[in-house]
Amino acid sequence: MDKATLISPDGEIRDVAATMEELTPLLAAGWRQHLPPEGGVETEAGETLDPEEDVTDASDTAI
Amino acid sequence: MPATLLSELLVGFGKAKQTDLVTGSSSAGIWRLGNINRAFANPRQVNESNAAWLGKGHEFATQLFKSHVEGGPHSMEKYTGSEFAAWLWSFGLGKVVKTGAGPFTYTCAPLVPASDGIEQPSFSYCEQMRPGANVVVDRLLVGCVVRSFEVNIARGPGLANSVSRLQFTHSGKTTEPSGITMPAETSENLLNAYSAAITILGEDYITLKTFESLTMGWDNAHRDGFYPGSGQQDAYQIQGRIELGDRVPNFSFIARLHKDSPELAAVRALTSGVATVALTKDANNSMTVTWHDMAFQSADFQDAEGITTVAVVGIPKYHSANGVVTAVVVTPVDGIAQ
């Protein structure tokens with residue numbers, strides 16, 4: 001069964017079965033397909049980070 | 001005597017959506033499908049005159065001024081195939097989920113303005129006749145958006161029993177020459193009416209062999225996109241946004257009348273329910289359109305070459321959970337409306 005990754009208007013990300021029955025109520029509620037940019041890295045929070053970007057948390061390196 | 005045959009007309013349009021309304025597609029984003037549309041998409045520049053101005057002593061024009069580029073609507077017409085159906089419902093309704101790894105499944109739904117906004121994806125439209133040194137026509141209409149469309153399924157043999165028509169609004173921005181290298185024509189998988197499966201409010205019309213014809217579609221009723229700051233090309237104002245108006249779904253059909261025909265009773269009882277229309281070539285090519293809460297506005301008895309029929313005008317209602325309509329199209333082509 002194919003899966004689709006959707007994102008809600010509030011930013012919630014959910015993997016659902018790619019069936020009309022699963023997708024229809026979500027699309028009608030304003031969800032849309034979530035496609036991270038190619039090569040991008042998706043965090044657990046659903047944010048997509050540019051692979052070229054320095055993602056080091058400043059707090060990790062603070063002395 | 002020089003002449004250019006209409007059969008030389010090459011039409012390509014954006015398989016992929018534009019990044020924004022004013023940025024045209026490159027050659028890689030254009031595809032070419034079988035074309036039966038004989039109309040040009042003329043980006044008509046409009047001039048205004050000073051005919052009505054006072055002080056000239058007559059009512060005739062003495063001066064012209066550049067005004068704007070009319071946004072159409074322009075038209076397209078095609079025999080319905082899985083490739084074009086995926087494109088049509090994706091761009092026409094505005095929202096699509098693509099899944100699969102080939103064949104690809106496109107699940108299409110209307111935009112939800114509160115979260116999706118009121119701008120559909122836009123595409124480029126290219127017309128060419130003898131592009132190059134002996135060019136007759138070579139232009140790219142940038143910023144085109146599906147205004148309305150309909151899918152027609154009719155009785156009778158041949159490709160014409162399954163046709164899709166659409167109208168699109170053009171921003172007015174044009175690139176000439178287009179700069180597009182027209183691709184080879186995409187091989188299409190046509191969805192002929194012989195494969196139709198149609199169930200409306202529980203009535204399976206195909207099993208009963210009573211179905212005559214059907215038209216279903218959608219009108220996005222675009223708002224005028226000329227606003228202060230909308231932009232210009234060659235001093236003609238162009239539209240800087242193409243937005244949804246009050247959308248109107250449409251659905252009508254004709255079926256043979258029989259003693260148990262439920263249509264008129266459904267009108268009188270305000271009955272509503274699911275309507276499903278499907279066309280299938282094979283496992284890799286199909287279109288299934290589900291109207292989630294269909295009601296009937298009217299049901300009129302008619303004659304069809306001596307057979308009594310009932311002509312129904314539907315009112316697709318908004319279903320509280322599922323919305324108005326969902327179209328699921330399976331096709332071998334990747335990247336449609338992406």
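**Where chains A and B meet, and what ties chain B together**

Between chain A and chain B, five residue pairs are in polar contact, both residues being at pLDDT 80 or more; a polar contact is a pair of N or O atoms within 3.5 Å, where within protein one must be able to donate a hydrogen and the other to accept it, and residues adjacent in sequence count only if both atoms are side-chain atoms. The count of salt bridges between the two chains is zero (a salt bridge puts a side-chain nitrogen of Lys or Arg within 4 Å of a carboxyl oxygen of Asp or Glu). This is a predicted model, in which local features need pLDDT of at least 70 and side-chain atom pairs count only at pLDDT 80 or more, while totals for chains, interfaces and linings use all residues. Residues are numbered from 1 along each chain as its sequence is written, chains are lettered from A and ligands numbered from 1 in the order in which they are written, and side-chain values use heavy atoms, with hydrogens and water left out.

As for the contact surface, 17 residues of chain A are in contact with 20 residues of chain B, contact meaning heavy atoms within 4.5 Å. The area buried between them is about 1,300 Å², with carbon and sulfur atoms giving 64%; buried area is the accessible area (1.4 Å probe) that two parts lose on being put together, summed over both. A:Met20, A:Leu27 and A:Gln33 supply 40% of what chain A buries against chain B, more than any other three residues. Strand E1 (3-7), helix H1 (20-28) and strand E3 (32-33) of chain A each give two or more residues to this side, and H1(A) gives the most, with six. Helices (H or I, at least four residues) and strands (E, at least two) are DSSP runs, numbered from the N terminus.

Chain A itself has two helices and five strands, running β-β-α-β-β-β-α from the N terminus on. Of its 63 residues, 29% count as buried, that is, under 20% relative accessible area, with exposed meaning over 50% and partly exposed in between (1.4 Å probe, protein chains only). In H1(A), the buried residues are A:Leu23, A:Thr24, A:Leu26, A:Leu27 and A:Ala28. After H1(A) comes A:Gly30, with a positive phi near 100°.

Over all chains, the structure holds 17 salt bridges. In one of them, the side chains of B:Lys98 and B:Asp334 meet at 2.5 Å, N to O. B:Lys98 lies in strand E6 (residues 94-99) and B:Asp334 in the segment after strand E20 (325-331), so this pair ties together parts of chain B that are 236 residues apart in sequence. B:Arg139 pairs with B:Glu127 at 2.8 Å; both are buried, B:Arg139 at 12% relative accessible area and B:Glu127 at 0%. Another salt bridge joins B:Arg155 and B:Glu212 at 2.7 Å, N to O. Here B:Arg155 is partly exposed at 48%, whereas B:Glu212 is buried at 10%.
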